[in-house]
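This briefing covers the sheet, the helices packed on it, the nonpolar core and a few individual residues. The sequence and the model come first.

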Amino acid sequence: MSDDALAQEEQRWAALIGNDFEALDALVHPLLSYTHSNAIVDTKESWIGSVTSGFVDYRSVEREDVAIISSGSTAVITGKATFVVGVQDSEITIVARFTSVWVNENDQWKFFAWQNTPISS
C-alpha cells in the first residue's frame with residue numbers, strides 16, 4: 001500500500017516538472033495544505049494557481065534519504081531534496097528536508113500536505 005503512495009509521489013513530481021497540470025490537479029486532495037520553505041502556506045487552489053500561471057516553475061528535483069511510513073489510509077514520505085525553482089524572473093536552488101502526506105480515499109491516493117525546511121549551506 002505505501003508503495004502505491006510513493007508511486008503517486010513520483011507521478012506528482014513528474015507532472016509538476018513536466019507542466020502536466022491536469023495530471024497534477026488529479027493527484028491533489030481538495031483540502032491540500034502546502035507549506036513552502038519560506039513559511040507561506042498554500043491551499044490546493046493557490047498552489048495549483050501559482051504553477052499554472054507560471055509564477056512558480058519547478059524545474060528539477062533530486063531526492064535522497066527517502067523513507068515512507070504508513071498507517072491505515074495515511075502515508076508519510078520524508079527525505080532530503082534539492083529543488084531548482086523559477087520564481088518570477090529568477091532561479092533559486094533550495095536544499096531542504098521534506099514531509100509529504102498522502103491519504104487514500106475511495107482507493108485513490110491523494111496528495112494531502114507538504115512541509116519543507118531549508119537546510120543551511
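Buried means under 20% relative accessible area, exposed means over 50%, and partly exposed lies in between, using a 1.4 Å probe and protein chains only. At 5% relative accessibility, His-29 therefore counts as buried. The model is predicted: local features need pLDDT of at least 70 and side-chain atom pairs count only at pLDDT 80 or more, while totals for chains, interfaces and linings use all residues. Residues are numbered from 1 along each chain as its sequence is written, and side-chain values use heavy atoms, with hydrogens and water left out.

**Sheet**

- Helices (H or I, at least four residues) and strands (E, at least two) are DSSP runs, numbered from the N terminus.
- Two strands pair if DSSP finds at least two bridges between them.
- Six strands form an open sheet with mixed pairing, in the order β2-β1-β6-β5-β4-β3.
- β2 and β3 are the edge strands, each pairing on one side only.
- β1 and β6 run parallel and are joined by four bridges; Tyr-34 stands opposite Trp-114 in β6.
- β5 and β6 pair in the antiparallel sense over ten bridges, and Thr-99 has Gln-115 in β6 as its bridge partner.
- The hairpin of β5 and β6 has two residues between the strands, and Asn-106 in the turn has a positive phi of about 55°.
- The pairing of β4 with β5 is antiparallel, over 14 bridges; Ala-81 stands opposite Ala-96 in β5.

**Helices on the sheet**

- Contact means heavy atoms within 4.5 Å. Axes are lines fitted to C-alpha atoms, for helices over the stretch in contact, and angles run from 0 to 180 degrees between N-to-C directions.
- α1 packs on the sheet, where it touches β1, β3, β4, β5 and β6, and its direction makes about 175° with that of β3.
- α3 also packs on the sheet, touching β1, β2, β3 and β6, with its direction at about 75° to that of β1.
- Lys-44, Trp-47, Ile-48, Ser-50 and Val-51 are buried in α3.
- Seen down the axis of α3, these buried residues fall within an arc of 155° (taken from the directions from the helix axis to the C-beta atoms), so they line one face of the helix.
- The cover over the buried residues of α3 includes α1, α2, β1, β2 (41-42), β3 and β6.

**Nonpolar core**

- A nonpolar core is a set of buried Ala, Val, Leu, Ile, Met, Phe, Trp, Tyr and Cys residues joined through side-chain atoms within 4.5 Å.
- The largest such core has 27 residues, and Leu-24, Trp-47, Tyr-58, Phe-83, Trp-102 and Phe-111 have the most contacts inside it.
- At least two core residues come from each of α1 (2-17), α2 (21-27), β1 (28-35), α3 (44-52), β3 (56-71), β4 (74-87), β5 (90-105) and β6 (108-118).
- β4 supplies the largest share, five residues.
- Neighbours within four places in sequence aside, the contacts of Trp-47 include Leu-16, Leu-24, Leu-32, Tyr-58 and Phe-111.

**Individual residues**

- His-29 is found in strand β1.
- The side chains of His-29 and Glu-105 are joined by a polar contact of 3.2 Å. Such a contact is a pair of N or O atoms within 3.5 Å; within protein, one must be able to donate a hydrogen and the other to accept it, and residues adjacent in sequence count only if both atoms are side-chain atoms.
- Not counting residues up to four places away in sequence, His-29 touches Lys-44, Val-103, Glu-105, Lys-110, Phe-111 and Phe-112.
- Asn-19 lies in the loop between α1 and α2 and is partly exposed, with a relative accessible area of 41%.
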